[in-house]
Amino acid sequence: MTKKELREQYRQKRLAITEKEKVKLDDLLLIRFQKLSFDDVQVLLSYAPMPHTAEPDVHLCERFLQHQIPGLQVAYPVIDFPTQSMQAMLVQEDTEFVQNIYKIEEPTGGEIIQPEMIDAIFVPMLVCDRQGHRAGYGRGFYDRYLNQCREDVLKIGFSYFEPVETISDIHAFDIPLNFCITPHHIYEF
């Protein structure tokens, strides 16, 4: 299937999950996530899940890492729509967030961190294939950003669904994940 077909199908599947099921699935994602090693991670690029799209609650995994790694620096993406680019802004406990035009919460007034400083990235997605290529939201912000990061940056996606066999329209600039965490498995690519 193409990314567009997968996007449509998995958006609907995700929206069909009840709130009670979602809480259980998020807990299962956290349990799987806790099995990974994060010895070399000092800077994490996370993101604010969009409730209206029923995204997995990556805040649970982010808080786990903050507990495990004293001094962990956490950044969130900020989109520059005129240039179709993304930057990572460091956040603190008192950082204020505002919604952008896509209803994504973004931090305001923080320090921008360079892509090569990031050790791990939580990459938003709907589903991935068995090679680690993902169907995201179709704007390409993350793939463009990942192309600026170090080659060894740890790229982790979270999905309520198991990978599909293959995504048929992968492009040369698409960056595969290192890991996809699902409620029942950890996939390493």
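In this predicted model, a polar atom of the Asp143 side chain sits 3.1 Å from the backbone nitrogen of Ile175, a polar contact in the sense of N or O atoms within 3.5 Å, one able to donate a hydrogen and the other to accept it, with residues adjacent in sequence counted only if both atoms are side-chain atoms. Asp143 belongs to helix H4, residues 141–146. Its relative accessible area is 9%, so Asp143 is buried (under 20%, with exposed over 50% and partly exposed in between; 1.4 Å probe, protein chains only). Leaving out residues up to four places away in sequence, Asp143 touches Arg134, Phe173, Asp174 and Ile175 (contact: heavy atoms within 4.5 Å).

Turning to helix H3, residues 59–68, the buried residues are Leu60, Cys61, Glu62, Phe64 and Leu65. Among the elements covering them are helix H2 (19–33) and strands E1 (43–45), E2 (73–80), E7 (120–123) and E10 (154–158); helices (H or I, at least four residues) and strands (E, at least two) are DSSP runs numbered from the N terminus.

H2 and H3 pack with their axes 9 Å apart and at an angle of about 35°, the axes being lines fitted to C-alpha atoms over the stretch in contact and angles running from 0 to 180 degrees between N-to-C directions. On the H2 side the contact involves Asp26, Asp27, Leu30 and Phe33, and on the H3 side Leu60, Cys61, Phe64 and Leu65. Six of these residues are nonpolar, none polar and two charged (Ala, Val, Leu, Ile, Met, Phe, Trp, Tyr, Cys and Pro count as nonpolar, Asp, Glu, Lys and Arg as charged, the others, Gly among them, as polar).

Residues are numbered from 1 along each chain as its sequence is written, and side-chain values use heavy atoms, without hydrogens or water. As the model is predicted, local features need pLDDT of at least 70 and side-chain atom pairs count only at pLDDT 80 or more, while totals for chains, interfaces and linings use all residues.
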